Amino acid sequence: MKFEEAARFGTYISKSFAKDIFRLLNNYRDISASEAASRLGMHIQTVQEFLEAMSDLGILEKKEAIERKRPYFRYTLKITEINFTLKLIDELKNSDEDSLLNAKIREKKNAGVRFSLARNGQYFSTVVIWVGKGRERSEKKINLTTAQGKFLYNLPFPDGEYLTLEEISIKAGIGNVQMPEIKDLVEELIQYKVIDWTK
């Protein structure tokens, strides 16, 4: 199951009325939203949204029926057991992770960013970025991990030579274990136009 589907399922299954609706679906061969709403004393729109969500997720089967020339839907339990697996490594990795691995980066010129040194002066502890324009301008502060701070400390200057993430990591003495958090930070700083990159 995709992360978005799992999140949607979780939102609906956590409703106080979810078990009651599933109990009706288990007891009746099929049921409409209006019948379920009447049976449970609920608003039909609330029940309709729940049934539609479960149908979209493949838990219910939806069939059109006609009563007095007016179409409506009846719902049936399609499965009686729900199991889902969420592969977090695949689902939550950075969207352009592969392209970043091969990219070369450096600090962007006139980025309007402030780096703060850690107490020992060997790496950065925070990055402050100005976001927005005019009166809407606000300050965004990012607290860095030690690995991220060392990486940014070795980031080439705006007039310096572009380097790959691996090359900067080697200079900073960072191992491959920290690479996911480095990629995450680089991706964010690219979005805020703090880091310039090229392939």
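Which side chains meet in a salt bridge with D20? The partner is R23, at 3.7 Å from N to O. A salt bridge here is a side-chain nitrogen of Lys or Arg within 4 Å of a carboxyl oxygen of Asp or Glu. The model is predicted, so local features need pLDDT of at least 70 and side-chain atom pairs count only at pLDDT 80 or more, while totals for chains, interfaces and linings use all residues. Residues are numbered from 1 along each chain as its sequence is written, and side-chain values use heavy atoms, with hydrogens and water left out.

D20 and R23 both belong to helix α2 (residues 18-27), where they are three residues apart, about one turn of the helix. Helices (H or I, at least four residues) and strands (E, at least two) are DSSP runs, numbered from the N terminus. D20 has a relative accessible area of 31% and is partly exposed; R23, at 37%, is partly exposed as well. In these terms, buried means under 20% relative accessible area, exposed means over 50%, and partly exposed lies in between (1.4 Å probe, protein chains only).

By the salt-bridge rule, the count comes to nine. Side chains of opposite charge can pair when their charged atoms come close. One of these pairs is D30 with R29, whose closest N and O atoms are 3.7 Å apart. D30 is buried, with a relative accessible area of 17%, whereas R29 is exposed at 71%. Another pair is R74 with E35, which meet at 2.9 Å, N to O. R74 is buried at 17% relative accessible area, and E35 is partly exposed at 36%. Through shared partners, salt bridges join R29, D30, E35 and R74 into one network.

Two strands count as paired if DSSP finds at least two bridges between them. L117 stands opposite F124 in β6.

Another open sheet of three strands has the order β8-β4-β9, with antiparallel pairing. Here β8 (163-164) and β9 (195-198) are the edge strands, each pairing on one side only. Strand β4 (residues 104-107) and β9 pair in the antiparallel sense over four bridges. The bridge partner of E107 in β9 is I195.

Most residues other than glycine have a negative phi, and most peptide bonds are trans. N110, in the loop between β4 and β5, has a positive phi of about 55 degrees although it is not a glycine. N110 counts as exposed, at 74% relative accessibility. K193 is found in the loop between α9 (179-191) and β9. K193 is not a glycine either, yet its phi is positive at about 60 degrees. At 55% relative accessibility, K193 also counts as exposed.

Last comes the surface. M1, I79, I82 and F84 form a nonpolar patch there, with about 300 Å² of accessible area together. Patches are made of residues with over 30% relative accessible area and no salt bridge, where like charges are joined within 9 Å and nonpolar side chains (Val, Leu, Ile, Met, Phe, Trp, Tyr) within 5 Å. Accessible areas come from the Shrake-Rupley method with a 1.4 Å probe; for residues, only the protein chains shown count as cover. M1 sits in the segment before α1 (3-13) and is partly exposed, with a relative accessible area of 32%.
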